[in-house]
Amino acid sequence: MASEIQAKRLQHFLKGRRDHLELSQEDVAERLDISTRSYGSWERGRVTQWTDEKLYDLAEALEMSEYQVTRLFLYAVGRAPQPDLRARRNESQDPDVAAFLGDYTVMLDALSLPTLVIDQRWDVKMANKAYRDLFRGVHAHPTAMPSRNFLRFGLFHPDAPSIFVDHLKWQLAMLAQLSSSLERHSDDNGLQAIRRDVYRHPALLDAYLTDMPNWVLGSGADLVHHEGAVRELRHPDPRVGLQGCRLVEETPRSLKRLGLMRLTLVLIELDERLTPERCGLHSHHAA
């Protein structure tokens with residue numbers, strides 16, 4: 001009887017959150033990258049064993065606040081969440097690949113410039129200390145943390161404008177990256193979910209459908225490899241402060257084989273000659 005009551009509470013909570021977001025079960029299933037039938041079982045509480053990873057994924061898909069995440073855990077497993085114990089997805093079961101990625105993480109931490117490794121949907125798979133320091137003052141957000149997805153942070157997080165100066169131009173570049181990524185990976189559920197969320201924000205939708213295509217035409221057809229692209233970024237460390245930022249892609253073959261890409265935020269002293277029009281994303285491909 002107690003388990004049935006707990007399942008009913010969970011079902012009411014999840015359905016209420018989904019209805020509030022005006023999402024169908026199919027929408028949520030796509031965000032979770034599972035079948036609609038599987039999500040229906042999740043919503044009805046028919047899960048053999050809830051893991052922290054499943055619950056955190058569910059919280060992100062339903063855009064839950066910290067309070068709502070706590071309620072989710074209490075309804076599902078009868079305890080509060082334990083963020084420090086959150087399971088991390090394994091990049092690979094191959095021990096050689098796992099060892100390489102571990103060593104690569106150590107190497108990234110030795111770099112002084114903010115550097116991250118992302119997959120095709122811009123999920124952050126690893127990031128160094130300099131990257132974490134850049135976003136250390138960012139407030140918690142259920143879906144747009146810079147440690148989870150770089151595009152989501154830049155597009156949706158309310159703290160993004162405090163770091164990305166002239167935020168609208170950063171957003172145009174990120175929307176262009178989203179469009180380019182969708183052209184290459186049109187069936188990717190994660191990218192499709194970002195696009196759906198863009199469509200739910202009127203200002204972003206207008207930028208995506210109108211401003212971004214026009215901006216791409218003005219910046220050059222090959223936006224991803226647009227040269228001379230320098231933006232402004234405000235580092236939380238006052239000793240660093242306002243900087244120019246060139247986003248450089250330099251991915252070794254070993255990461256490319258795993259479907260990953262390495263990005264470095266090259267911080268440079270601002271030059272008075274730089275103008276707001278010099279905006280875009282620079283990319284350099286290493287052998």
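Which residues does Glu63 touch, not counting residues up to four places away in sequence? They are Arg17, Leu21, Arg31, Gln68, Pro142, Thr143 and Asp197. Contact here means heavy atoms within 4.5 Å. Before going on, note what kind of model this is.

The model is predicted: local features need pLDDT of at least 70, side-chain atom pairs count only at pLDDT 80 or more, and totals for chains, interfaces and linings use all residues. Residues are numbered from 1 along each chain as its sequence is written, and side-chain values use heavy atoms, with hydrogens and water left out. The pLDDT is the predictor's confidence in each residue, from 0 to 100. Its mean over the chain is 82, and 85% of the residues reach 70 or more. Over residues 84-92 the pLDDT is below 50, and this stretch has 13 contacts beyond near neighbours in sequence. Residues 272-287 also stay under 50. For them the model has 49 contacts beyond four places in sequence.

Now the overall layout. The chain holds 13 helices and five strands. These are DSSP runs, numbered from the N terminus: helices are H or I with at least four residues, strands are E with at least two. Of the 287 residues, 45% count as buried. Buried means under 20% relative accessible area, exposed means over 50%, and partly exposed lies in between (1.4 Å probe, protein chains only). Among contacts with a separation of 6 or more, 59% join residues 24 or more positions apart.

Return to Glu63. It lies in the loop between helix H4 (52-61) and helix H5 (66-77). Glu63 is partly exposed, because its relative accessible area is 24%. Arg18 is 45 residues away from Glu63 in sequence, yet their C-alpha atoms are 9.3 Å apart. Arg31, one of the residues that Glu63 touches, is buried in helix H2 (residues 25-32). Asp27, Val28, Ala29 and Leu32 of that helix are buried too. Asp33 follows H2 with a positive phi, near 60°.

Next comes the interior. A nonpolar core is a set of buried Ala, Val, Leu, Ile, Met, Phe, Trp, Tyr and Cys residues joined through side-chain atoms within 4.5 Å. The largest one has 41 residues, and Leu116, Phe135, Phe164 and Leu233 touch the most other members. Helix H10 (residues 167-184) gives the largest share, eight residues. Apart from this core lies another, of 23 residues, including Tyr39 and Met64.

Aromatic rings also meet. Rings of Phe, Tyr and Trp (its six-membered ring) pair if their centres lie within 6.5 Å; planes under 30 degrees apart count as stacked, over 60 as edge-to-face and the rest as tilted. The whole structure has 12 such pairs. Phe100 and Tyr104 are tilted, because their planes stand at 50°, with the centres 5.6 Å apart. They are four residues apart in helix H6 (residues 95-109), so about one helical turn separates them. Phe100 is partly exposed at 26% relative accessibility, whereas Tyr104 is buried at 7%. Elsewhere, Trp122, Tyr131, Phe135, Phe150, Phe153, Phe164 and Trp170 form one aromatic cluster.

Last, look at Asn149. It sits in the loop between helix H7 (129-134) and helix H8 (150-156). At a relative accessible area of 3%, Asn149 is buried. Its side chain reaches the backbone oxygen of Arg121 at 2.9 Å. Leaving aside neighbours within four places in sequence, Asn149 is in contact with Arg121, Trp122, Asp123, Val124 and Ile194.

Terms used:
A polar contact is a pair of N or O atoms within 3.5 Å; within protein, one must be able to donate a hydrogen and the other to accept it, and residues adjacent in sequence count only if both atoms are side-chain atoms.
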